[in-house]
Amino acid sequence: MTDTSVGIDAVEIHAGKLKLDLAETFAPAMGDDPGKYTKGLGLYASSLPDTYEDIVTMGANAAHRLMERKGLEPEDIGRIDVATESAFDHSKPVSTYIAGCLEQVFEGDFHHANKGERKFACVSGTQSVDDAYNWIRAGRNRGRAALVVATDTALYARDDPGEATQGAGAVAMLIDEDPDFVELSTEQGYGSADETDFLKPQQQFPSVDGKRSVNVYLARMREALVDYESVGGDIHPDDFRLGPFHTPFPGMVRKAAVLAYRHITRDTEIEEELAEEIGRQPRPEAFDDEEAYTEALGEYTDALKDTDHYQGWYDRTIDPTLDLSREVGNWYTGSVHVARVSGIRSLVEDGEDAEGEKLLVGSYGSGAQAEIHVETIQENYESEIEALNVDEQLAARYDLSFDEYEDVHDAHNFDEETSVEEFTAPDGEFVFDGWGRMGERKYRYVE
Ligand code: HMG
């Protein structure tokens with residue numbers, strides 16, 4: 001077991017090349033007020049995959065850019081782990097397809113890299129990072145780094161309430177010793193229970209109990225926070241510069257943030273300072289029954305939300321982590337990793353010296369499990385952020401009309417036979433290239 005610093009050395013993002021504008025295009029077609037999306041859910045647009053894009057192309061494109069930028073060859077990579085909940089094969093992992101793509105453009109091969117695929121809804125992206133971390137800390141990596149790719153086409157059935165939260169994209173991360181970007185804590189907290197709120201039993205689009213899924217997210221996240229504190233010690237709001245959380249839609253994080261703030265300010269000087277304005281937090285021992293306590297807690301939380309203390313903390317710690325999500329929707333396994341980039345990017349934009357600052361990272365997957373750990377921003381974070389081209393990608397997306405959106409959704413529906421033309425021209429990227437004789441998907445690099 002080594003005690004070297006391990007974490008995320010580099011990150012790259014590939015966004016689906018199409019855009020569905022929720023306020024301008026989706027809301028009118030659904031007969032909804034745009035405010036439901038922009039204010040209620042906190043979303044402006046979804047990234048969707050063009051007809052030649054899928055989880056393999058998006059993941060391979062992000063990984064290709066990452067390896068080129070860091071000057072890596074296949075022999076430098078000892079593991080490729082893919083996290084996805086959009087897989088199309090029950091046996092052959094997506095990581096083999098991605099390795100196959102990368103071998104088309106790099107000298108050498110990944111024959112001595114361990115490959116796999118992780119499944120636990122959205123939290124599997126973080127679980128794959130964990131696997132890589134453990135492999136390096138165990139000293140089994142022979143000096144090599146791990147490539148983790150979180151890639152999803154997060155599509156819902158048409159007219160499902162989740163349709164507004166769709167998204168598609170991939171995040172590639174290099175996990176290594178002495179990382180350039182963020183170091184991960186050894187301490188972790190879990191909140192995990194057998195839940196039936198969002199699942200895909202042998203089906204492409206999820207069965208979702210949307211309202212329940214929101215409550216399950218909050219309950220598991222709370223459990224994970226308490227579990228984290230049992231090993232990492234009590235958390236105080238001033239301990240963390242940013243709180244990137246799994247973001248199915250920004251409104252979900254808004255709900256979670258106020259509960260987290262209430263929890264981490266209990267028995268602190270902040271609770272005392274707030275007492276003059278909104279009273280102290282209700283304690284269960286002061287109530288005769290659970291219902292009265294819950295009601296008082298709800299009233300306190302509503303009042304807390306409107307205080308300058310809370311608003312200041314939210315604007316500084318949480319809001320910057322949501323900027324990218326607002327423009328791309330839910331990327332499932334990649335979502336919390338997009339939130340981390342979004343938050344740190346805002347610190348760079350503001351010219352803040354953030355080396356050594358801490359992040360409280362909350363990952364979540366339906367079914368259901370939350371995980372909390374801490375990260376420390378490393379010396380070279382600025383150059384890692386400046387190397388990203390996510391803004392250019394988002395600006396270059398093709399803006400779909402509603403009819404075109406319907407065609408794109410059909411084109412990615414495994415049960416529909418369609419011949420929808422592509423909307424954008426591939427340029428220096430991997431594309432889906434049809435089917436092989438055993439039903440495998442084939443890929444080609446377009447110069
Ligand atoms: P809905 O029922 O269509 O929306 O779907 P709503 O009517 O509840 O409205 C949403 C919000 O907008 C509400 O705010 C409204 O008040 C507000 P809230 O009361 O909740 O604070 N609103 C407006 N605000 C301003 N102006 C207006 C206006 N109209 C309404 N005009 C639902 C919402 C979340 C159920 C749906 O989007 C859904 O089913 N989503 C998919 C499930 C999901 O994302 N769940 C989140 C937790 S589970 C999770 O994160 C895991 C996941 O990523 C999967 C995985 O792990 O693999 C999903």
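Modeller: Start with α2. With five residues, α2 gives the most to the shell around the ligand. Keep in mind that this is a predicted model.

Biologist: Which elements each supply at least two residues of that shell?

Modeller: α2 (35-41), α6 (210-232), α7 (250-265) and β11 (358-365).

Biologist: And how do the shell residues divide into nonpolar, polar and charged?

Modeller: Twelve are nonpolar, ten are polar and six are charged.

Biologist: Which residues come nearest to the ligand?

Modeller: There are 28 residues around the ligand. Lys-36, Glu-85, Cys-122, Lys-211 and Lys-255 come nearest.

Biologist: Take Lys-36. What does its polar side-chain atom lie 2.7 Å from?

Modeller: An oxygen atom of the ligand. Gly-35 uses its backbone instead: an N or O atom there lies 3.5 Å from a ligand nitrogen. Ser-366 also brings a polar backbone atom, 2.8 Å from an oxygen atom of the ligand.

Biologist: How much of the ligand's accessible area does the protein cover?

Modeller: 74% of the 1,100 Å² that the ligand has on its own.

Biologist: Switching to rings. How many aromatic pairs does the count come to?

Modeller: The count is 19 aromatic pairs. Take Phe-198 and Tyr-332 as one example. Their ring centres are 5.7 Å apart and their planes sit at 85°, so the pair is edge-to-face.

Biologist: Why edge-to-face?

Modeller: Because planes over 60 degrees apart count as edge-to-face, and these two are at 85°.

Biologist: Where do Phe-198 and Tyr-332 lie?

Modeller: Phe-198 is in strand β9 (residues 198-199), and Tyr-332 is in the loop between α11 (323-328) and α12 (335-349). So the pair ties together parts 134 residues apart in sequence.

Biologist: Now the backbone. Which residues does a cis peptide bond join?

Modeller: Gly-367 and Ala-368, with omega at about 5°. Ala-368 is in the loop between β11 and β12 (369-377).

Biologist: What about phi of Gln-202?

Modeller: Phi is near 50° there, a positive value in a residue other than glycine. Gln-202 belongs to the loop between β9 and β10 (207-208).

Definitions and conventions
Residues are numbered from 1 along each chain as its sequence is written. This is a predicted model: local features need pLDDT of at least 70, side-chain atom pairs count only at pLDDT 80 or more; totals for chains, interfaces and linings use all residues. Side-chain values use heavy atoms; hydrogens and water are left out. A residue is near a molecule or strand if one of its heavy atoms lies within 4 Å of it. A polar contact is a pair of N or O atoms within 3.5 Å; within protein, one must be able to donate a hydrogen and the other to accept it, and residues adjacent in sequence count only if both atoms are side-chain atoms. Accessible areas come from the Shrake-Rupley method with a 1.4 Å probe; for residues, only the protein chains shown count as cover. Helices (H or I, at least four residues) and strands (E, at least two) are DSSP runs, numbered from the N terminus. Ala, Val, Leu, Ile, Met, Phe, Trp, Tyr, Cys and Pro count as nonpolar, Asp, Glu, Lys and Arg as charged, and the others, Gly among them, as polar. Rings of Phe, Tyr and Trp (its six-membered ring) pair if their centres lie within 6.5 Å; planes under 30 degrees apart count as stacked, over 60 as edge-to-face and the rest as tilted.
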